[in-house]
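Q: Please take me through a protein structure one feature at a time, giving the general idea before the case at hand.

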Amino acid sequence: MALGIGSAGARIVSALSKEMTLVDRFAYLSCDPADLESVDGGQKVLIEGPIDQKLTPAMVRGLSIPYQSEIRRLVEGAKVVFIVAGLGRATGSGLAPVVAELAKDSGADTVSIAVMPFGFEEKLRFYAGLALRRLRGVSRGVVVVDNDTLLKSTSDATLKEIYDLANSEAVTALGSLLSRQSDDSIPVGLN
(Lines give C-alpha, C1' and ligand atoms only; values in the text may rest on other atoms or scores of the structure.)
Protein backbone atom coordinates (compact mmCIF):
# COMPACT_ATOMS: atom_id res chain seq x y z
CA MET A 1 0.00 0.00 0.00
CA ALA A 2 1.17 3.54 -0.75
CA LEU A 3 -0.23 6.36 1.37
CA GLY A 4 0.28 10.02 0.42
CA ILE A 5 0.06 12.60 3.19
CA GLY A 6 -0.44 16.30 2.52
CA SER A 7 0.21 18.11 -0.75
CA ALA A 8 3.59 16.61 -1.63
CA GLY A 9 2.60 13.10 -0.56
CA ALA A 10 -0.64 13.25 -2.55
CA ARG A 11 1.15 14.43 -5.71
CA ILE A 12 3.86 11.77 -5.45
CA VAL A 13 1.54 8.85 -4.67
CA SER A 14 -0.92 9.96 -7.34
CA ALA A 15 1.89 9.94 -9.94
CA LEU A 16 3.07 6.57 -8.62
CA SER A 17 -0.44 5.14 -9.01
CA LYS A 18 -0.24 5.76 -12.75
CA GLU A 19 2.87 3.54 -13.09
CA MET A 20 3.00 -0.25 -13.24
CA THR A 21 3.88 -1.11 -9.66
CA LEU A 22 3.43 -3.94 -7.21
CA VAL A 23 1.35 -1.68 -4.98
CA ASP A 24 -2.20 -2.99 -4.51
CA ARG A 25 -3.80 0.01 -2.84
CA PHE A 26 -3.39 3.77 -2.81
CA ALA A 27 -4.71 6.17 -0.18
CA TYR A 28 -4.44 9.86 0.60
CA LEU A 29 -4.72 11.88 3.83
CA SER A 30 -4.76 15.63 4.09
CA CYS A 31 -6.15 18.60 5.95
CA ASP A 32 -6.70 20.41 2.63
CA PRO A 33 -9.61 19.28 0.43
CA ALA A 34 -7.74 20.55 -2.67
CA ASP A 35 -5.06 17.88 -2.12
CA LEU A 36 -7.68 15.14 -2.26
CA GLU A 37 -9.52 16.64 -5.23
CA SER A 38 -6.30 16.62 -7.27
CA VAL A 39 -5.78 12.84 -7.08
CA ASP A 40 -7.45 10.07 -9.06
CA GLY A 41 -8.75 6.93 -7.41
CA GLY A 42 -7.71 5.46 -4.10
CA GLN A 43 -9.20 6.01 -0.68
CA LYS A 44 -9.24 9.56 0.66
CA VAL A 45 -9.43 10.84 4.22
CA LEU A 46 -9.89 14.54 4.95
CA ILE A 47 -8.77 15.56 8.44
CA GLU A 48 -11.04 18.50 9.15
CA GLY A 49 -9.99 21.39 11.32
CA PRO A 50 -10.64 25.08 11.93
CA ILE A 51 -10.81 26.90 8.61
CA ASP A 52 -9.42 30.26 9.70
CA GLN A 53 -6.55 29.05 11.87
CA LYS A 54 -2.97 28.31 10.81
CA LEU A 55 -2.25 24.72 11.82
CA THR A 56 0.86 23.35 13.50
CA PRO A 57 1.99 19.70 13.46
CA ALA A 58 0.83 19.30 17.08
CA MET A 59 -2.62 20.62 16.16
CA VAL A 60 -2.82 18.23 13.18
CA ARG A 61 -1.89 15.29 15.45
CA GLY A 62 -4.71 16.34 17.78
CA LEU A 63 -7.16 16.75 14.90
CA SER A 64 -6.26 13.25 13.67
CA ILE A 65 -7.38 11.50 16.88
CA PRO A 66 -11.03 11.04 15.79
CA TYR A 67 -9.80 9.68 12.42
CA GLN A 68 -7.37 7.08 13.77
CA SER A 69 -9.82 4.18 13.52
CA GLU A 70 -10.43 5.13 9.88
CA ILE A 71 -6.66 5.27 9.26
CA ARG A 72 -6.27 1.84 10.90
CA ARG A 73 -8.90 0.48 8.48
CA LEU A 74 -6.96 1.99 5.56
CA VAL A 75 -3.76 0.11 6.43
CA GLU A 76 -5.47 -3.05 7.66
CA GLY A 77 -4.18 -6.16 5.92
CA ALA A 78 -1.25 -4.44 4.21
CA LYS A 79 2.08 -6.24 4.48
CA VAL A 80 4.08 -3.12 3.60
CA VAL A 81 2.90 0.48 3.87
CA PHE A 82 4.85 3.18 2.04
CA ILE A 83 4.15 6.54 3.66
CA VAL A 84 5.03 9.53 1.48
CA ALA A 85 5.02 13.03 2.97
CA GLY A 86 6.67 16.39 2.66
CA LEU A 87 8.01 17.35 6.06
CA GLY A 88 8.16 20.83 7.52
CA ARG A 89 4.61 22.00 7.19
CA ALA A 90 1.76 21.05 9.51
CA THR A 91 0.08 18.18 7.66
CA GLY A 92 3.10 16.11 6.65
CA SER A 93 5.02 16.69 9.88
CA GLY A 94 1.96 16.09 12.04
CA LEU A 95 0.38 13.10 10.29
CA ALA A 96 3.29 11.07 8.87
CA PRO A 97 4.63 9.82 12.24
CA VAL A 98 1.10 9.09 13.51
CA VAL A 99 0.19 7.11 10.39
CA ALA A 100 3.52 5.25 10.45
CA GLU A 101 2.90 4.21 14.04
CA LEU A 102 -0.66 3.08 13.29
CA ALA A 103 0.61 1.05 10.29
CA LYS A 104 3.36 -0.52 12.39
CA ASP A 105 0.86 -1.38 15.14
CA SER A 106 -1.32 -3.10 12.52
CA GLY A 107 1.59 -5.44 11.74
CA ALA A 108 2.76 -3.86 8.49
CA ASP A 109 6.37 -3.11 7.64
CA THR A 110 6.42 0.66 7.33
CA VAL A 111 8.72 2.45 4.89
CA SER A 112 8.56 6.25 4.97
CA ILE A 113 9.58 8.59 2.18
CA ALA A 114 10.27 12.05 3.61
CA VAL A 115 10.69 15.07 1.35
CA MET A 116 12.73 17.59 3.32
CA PRO A 117 12.40 21.38 3.04
CA PHE A 118 15.01 23.59 1.43
CA GLY A 119 17.75 25.09 3.61
CA PHE A 120 16.32 28.58 3.14
CA GLU A 121 13.00 27.39 4.61
CA GLU A 122 14.46 27.72 8.10
CA LYS A 123 11.12 27.87 9.89
CA LEU A 124 10.11 24.51 8.36
CA ARG A 125 13.34 22.67 9.16
CA PHE A 126 12.60 22.43 12.89
CA TYR A 127 9.27 20.65 12.37
CA ALA A 128 10.80 18.53 9.61
CA GLY A 129 13.63 17.40 11.89
CA LEU A 130 11.26 16.44 14.69
CA ALA A 131 8.97 14.55 12.31
CA LEU A 132 11.92 12.78 10.67
CA ARG A 133 13.19 11.63 14.07
CA ARG A 134 9.74 10.28 14.98
CA LEU A 135 9.43 8.57 11.58
CA ARG A 136 12.79 6.85 12.04
CA GLY A 137 11.60 5.53 15.39
CA VAL A 138 8.50 3.82 14.00
CA SER A 139 9.46 2.98 10.41
CA ARG A 140 11.35 -0.05 9.19
CA GLY A 141 13.20 2.28 6.82
CA VAL A 142 13.19 5.93 5.81
CA VAL A 143 14.09 7.33 2.39
CA VAL A 144 14.95 11.03 2.55
CA VAL A 145 14.51 13.23 -0.52
CA ASP A 146 16.75 16.26 0.07
CA ASN A 147 15.50 19.30 -1.83
CA ASP A 148 18.81 21.14 -1.20
CA THR A 149 20.74 18.52 -3.17
CA LEU A 150 18.35 18.95 -6.09
CA LEU A 151 18.64 22.73 -5.82
CA LYS A 152 22.43 22.57 -6.04
CA SER A 153 22.36 20.20 -9.01
CA THR A 154 19.93 22.35 -11.02
CA SER A 155 20.95 25.93 -10.34
CA ASP A 156 19.08 27.29 -13.40
CA ALA A 157 15.69 25.87 -12.39
CA THR A 158 12.87 27.80 -10.79
CA LEU A 159 11.57 26.79 -7.38
CA LYS A 160 8.47 25.21 -8.92
CA GLU A 161 10.65 23.21 -11.33
CA ILE A 162 12.73 21.96 -8.40
CA TYR A 163 9.58 20.90 -6.48
CA ASP A 164 8.40 19.09 -9.61
CA LEU A 165 11.85 17.47 -9.98
CA ALA A 166 11.81 16.34 -6.33
CA ASN A 167 8.39 14.76 -6.81
CA SER A 168 9.51 13.15 -10.07
CA GLU A 169 12.68 11.75 -8.46
CA ALA A 170 10.65 10.28 -5.59
CA VAL A 171 8.21 8.68 -8.04
CA THR A 172 11.06 7.28 -10.15
CA ALA A 173 12.85 5.82 -7.14
CA LEU A 174 9.70 4.30 -5.69
CA GLY A 175 8.54 3.09 -9.09
CA SER A 176 11.87 1.32 -9.60
CA LEU A 177 11.62 -0.41 -6.24
CA LEU A 178 7.98 -1.35 -6.67
CA SER A 179 7.77 -2.39 -10.30
CA ARG A 180 7.77 -5.85 -11.74
CA GLN A 181 11.10 -7.20 -12.90
CA SER A 182 11.96 -7.03 -16.57
CA ASP A 183 14.68 -8.92 -18.40
CA ASP A 184 17.17 -6.10 -17.89
CA SER A 185 16.26 -5.42 -14.22
CA ILE A 186 18.84 -5.50 -11.49
CA PRO A 187 17.33 -6.88 -8.28
CA VAL A 188 17.73 -4.70 -5.19
CA GLY A 189 16.40 -5.04 -1.67
CA LEU A 190 15.12 -2.50 0.81
CA ASN A 191 17.72 -3.52 3.39
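Q: In which helix does Ser-64 lie?

A: Helices (H or I, at least four residues) and strands (E, at least two) are DSSP runs that are numbered from the N terminus, and by this reading Ser-64 lies in helix α3. Please keep in mind that this is a predicted model, in which local features need pLDDT of at least 70 and side-chain atom pairs count only at pLDDT 80 or more, whereas totals for chains, interfaces and linings use all residues. Residues are numbered from 1 along each chain as its sequence is written, and side-chain values use heavy atoms, with hydrogens and water left out.

Q: Is Ser-64 buried or exposed, and which residues does Ser-64 touch?

A: Buried means under 20% relative accessible area, exposed means over 50%, and partly exposed is in between (1.4 Å probe, protein chains only). Ser-64 has a relative accessible area of 0%, so it is buried. Contact means heavy atoms within 4.5 Å, and Ser-64 touches Ile-47, Leu-95 and Val-98 when residues up to four places away in sequence are not counted.

Q: How many helices and strands are there in the protein, and what pattern does the protein follow along the sequence?

A: The protein has eight helices and six strands, and along the sequence they follow the pattern β-α-β-α-β-α-α-β-α-β-α-β-α-α. Of its 191 residues, 45% count as buried. Among the contacts with a separation of 6 or more, 67% come from residues 24 or more positions apart.

Q: At what angle do helix α3 and helix α5 pack?

A: Two packed helices are described by the angle between their axes and by the distance between the axes. The axes are lines fitted to C-alpha atoms, for helices over the stretch in contact, and the angles run from 0 to 180 degrees between N-to-C directions. Helix α3 (residues 57–64) and helix α5 (residues 90–105) pack at about 50 degrees, with their axes 7 Å apart. Angles under 35 degrees count as roughly parallel, over 145 as roughly antiparallel, 65 to 115 as roughly perpendicular and the rest as oblique, and α3 and α5 are therefore oblique to each other. On the α3 side the contact is made by Pro-57, Val-60, Arg-61 and Ser-64, and on the α5 side by Ala-90, Thr-91, Ser-93, Gly-94, Leu-95 and Val-98. Ala, Val, Leu, Ile, Met, Phe, Trp, Tyr, Cys and Pro count as nonpolar, Asp, Glu, Lys and Arg as charged, and the others, Gly among them, as polar; the residues of this contact of α3 with α5 divide into five nonpolar, four polar and one charged.

Q: At what angle do α5 and helix α6 pack?

A: For α5 and helix α6 (residues 122–138) the angle is about 5 degrees, with the axes 9 Å apart, and these two helices are therefore roughly parallel to each other. From α5 the contact takes in Ser-93, Ala-96, Pro-97, Ala-100, Glu-101 and Lys-104, and from α6 it takes in Tyr-127, Ala-128, Ala-131, Arg-134, Leu-135, Gly-137 and Val-138. These residues of the contact of α5 with α6 divide into eight nonpolar, two polar and three charged.

Q: How far apart are the axes of helix α4 and α5?

A: Helix α4 (residues 68–75) packs with α5 at an angle of about 55 degrees, and their axes are 9 Å apart. That makes α4 oblique to α5. In this contact Gln-68, Ile-71, Arg-72 and Val-75 of α4 meet Val-98, Val-99, Leu-102 and Ala-103 of α5, and the residues divide into six nonpolar, one polar and one charged.

Q: How many aromatic pairs does the structure hold?

A: A pair of aromatic rings is described by the distance of the centres and the angle of the planes. Rings of Phe, Tyr and Trp (its six-membered ring) pair if their centres lie within 6.5 Å, and planes under 30 degrees apart count as stacked, over 60 as edge-to-face and the rest as tilted. The structure holds two such pairs. Phe-118 and Phe-120 form a stacked pair, 5.1 Å centre to centre with 10 degrees between the planes; Phe-118 counts as buried at 0% relative accessibility, whereas Phe-120 is partly exposed at 49%. Phe-126 and Tyr-127 form a tilted pair, 5.9 Å centre to centre with 55 degrees between the planes; here Phe-126 is exposed, with a relative accessible area of 55%, and Tyr-127 is partly exposed, with 32%.
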